[in-house]
Amino acid sequence: AVSCCRRGELPPSGWSTKWSPATKRASLLAALEESQMHVVYALRPHSEMWQESVRAVQLDQAELDRLLREKVATKPRPTQKQRVKDAIQWLLEAGASLEALC
């Protein structure tokens with residue numbers, strides 16, 4: 001599951017009831033690390049109603065801040081610039097702290 005999300009494959013049908021919270025968390029982290037935003041939005045939709053329906057996991061502050069630091073410290077390939085920008089925006093909206101960059 002995690003490697004599929006890292007590659008950009010959407011979760012299979014029924015994932016929300018079959019995957020453990022640990023698998024959901026690891027898959028979400030992998031998708032964010034690779035800036036696979038379509039997968040991120042499938043695993044953690046914007047709508048609270050959809051989040052509840054898929055039993056989406058919440059990343060903690062340390063995870064959000066770590067990912068933000070990694071994203072801004074790494075120079076993306078030209079083909080990935082927009083994906084990385086989108087990941088940074090998602091992380092900030094999800095609660096990553098700009099202070100983590102200081």
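The lining of the largest cavity comprises six nonpolar, one polar and one charged residues, where Ala, Val, Leu, Ile, Met, Phe, Trp, Tyr, Cys and Pro count as nonpolar, Asp, Glu, Lys and Arg as charged, and the others, Gly among them, as polar. The model is predicted: local features require pLDDT of at least 70 and side-chain atom pairs pLDDT 80 or more, while totals for chains, interfaces and linings use all residues. Residues are numbered from 1 along each chain as its sequence is written, and side-chain values use heavy atoms, with hydrogens and water left out.

Leu 28, Arg 44, Val 57, Gln 58, Leu 59, Leu 64, Trp 90 and Ala 94 line this cavity, whose volume is about 30 Å³. On a 1 Å grid over the protein atoms alone, a cavity is a set of points where a 1.4 Å probe fits but cannot get out; a pocket is an open set with protein on both sides within 12 Å along at least five of seven lines, and lining residues have an atom within 4 Å of a point. Points are joined across faces, edges and corners, and a volume is the space filled by probe spheres set on them. Among the lining residues of the cavity, Leu 64 belongs to helix α6 (helices are DSSP runs of H or I, at least four residues, numbered from the N terminus). Leu 64 is buried, at 3% relative accessible area (buried is under 20%, exposed over 50%, partly exposed in between, with a 1.4 Å probe and protein chains only).

The largest pocket holds about 200 Å³ of space. Its lining has 13 residues, of which Glu 33, Lys 71, Thr 74, Gln 80 and Val 84 are the closest to its centre. By class, three of the lining residues are nonpolar, three polar and seven charged.

Ser 35 sits in the loop between α3 (21-33) and α4 (37-43) and is buried, with a relative accessible area of 3%. Arg 55 occupies the loop between α5 (48-53) and α6 and is exposed, at 52%.

Leu 98 is located in the segment after α7 (81-94). It counts as exposed because its relative accessibility is 55%.

Technical notes:
Helices (H or I, at least four residues) and strands (E, at least two) are DSSP runs, numbered from the N terminus.
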